[in-house]
Amino acid sequence: MLLRIFRPDGSVRSLQARTRFHPDRPDQPARMVGTLLDVTEREKANANRDLFRRLVDEAGQAIRISEPNGQILFVNQAYLTLTGHRRDRIEQHPYTEFLADPDSPAARAVAAAYAERRNWTGLLDVARADGTSFTALCN
């Protein structure tokens, strides 16, 4: 259970409560044992993450975030609109599945940049869900 407490100094803390009842007879609790854990910082981090995700998702530019191995972690709504792909079809898949030509020189340059964990900027042909493609300036 998540609780909020208001301290005398005006600060608010979030606490996670866990309890267990120990009966002395069936349906007769004799004592309760529990813990309280201060989860204020975790709650703030979750709120900040959610805010960041909303901001990125509502950005007008297409955004794709990938792991160093090329696995796509996140795409925003503009990316989905531009490519016509569904989020569940893209996320957790290699970015190469969504290139018009995964063997192009530009695609090989991106793969090298991923392997060296460095940024890459250039033109890349991206595949749409309908089979067409477009050239995008990527970074």
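Before we click on anything, one definition: a residue is buried when its relative accessible area is under 20%, exposed when that area is over 50%, and partly exposed in between, using a 1.4 Å probe and protein chains only. Your model is a predicted one, in which local features need pLDDT of at least 70 and side-chain atom pairs count only at pLDDT 80 or more, while totals for chains, interfaces and linings use all residues. Residues are numbered from 1 along each chain as its sequence is written, and side-chain values use heavy atoms, with hydrogens and water left out.

**Stop 1: the whole chain**

Show the chain as a cartoon. You will find four helices and seven strands, where helices (H or I, at least four residues) and strands (E, at least two) are DSSP runs numbered from the N terminus. Walking from the N terminus, the order of elements is β-β-β-α-β-β-α-α-α-β-β. Now zoom out: along the principal axes, the C-alpha atoms fill a box of roughly 75 × 40 × 30 Å. The radius of gyration is 24 Å, whereas a compact globule of 139 residues would have one near 14 Å. (That radius is taken over C-alpha atoms, and the globule rule is 2.2 Å times the number of residues to the power 0.38.) Of the 139 residues, 26% are buried.

**Stop 2: charged partners**

Select Glu-41 and Lys-44 and show their side chains. They form a salt bridge, with the closest N and O atoms 3.7 Å apart; the rule asks for a side-chain nitrogen of Lys or Arg within 4 Å of a carboxyl oxygen of Asp or Glu. Why are these two separated by about one helical turn? Because they sit three residues apart in helix H1 (residues 40-57). Glu-41 is exposed, at 51% relative accessible area, and Lys-44 is partly exposed, at 45%.

Next, pick Arg-89 and Glu-97, whose side chains meet in a salt bridge at 3.1 Å, N to O. Arg-89 is partly exposed at 35%, and Glu-97 is partly exposed at 39%. Then try Arg-118 with Glu-116, a salt bridge at 2.5 Å. Finally, select Asp-57, Arg-87 and Glu-91 together to see a network of salt bridges. How many salt bridges does the rule give? The count is eight.

**Stop 3: the largest pocket**

Select Arg-64, Tyr-114, Trp-120, Cys-138 and Asn-139. Of the 28 residues lining the largest pocket, these lie nearest its centre. A pocket is found on a 1 Å grid over the protein atoms alone, as an open set of points where a 1.4 Å probe fits, with protein on both sides within 12 Å along at least five of seven lines; lining residues have an atom within 4 Å of a point. The pocket holds about 800 Å³ of space, a volume filled by probe spheres set on grid points joined across faces, edges and corners.

Colour strand E4 (64-66), helix H2 (77-83), helix H4 (105-115), strand E6 (122-127) and strand E7 (133-138): each supplies at least two lining residues. E7 gives the largest share, four residues.

**Stop 4**

Most residues other than glycine have a negative phi. Select Gln-92, in the loop between helix H3 (87-90) and H4, where phi is positive at about 75°. Gln-92 is partly exposed, at 49%. Last, go to Arg-117, in the loop between H4 and E6. Its phi is also positive, near 55°, and Arg-117 is exposed, at 68%.
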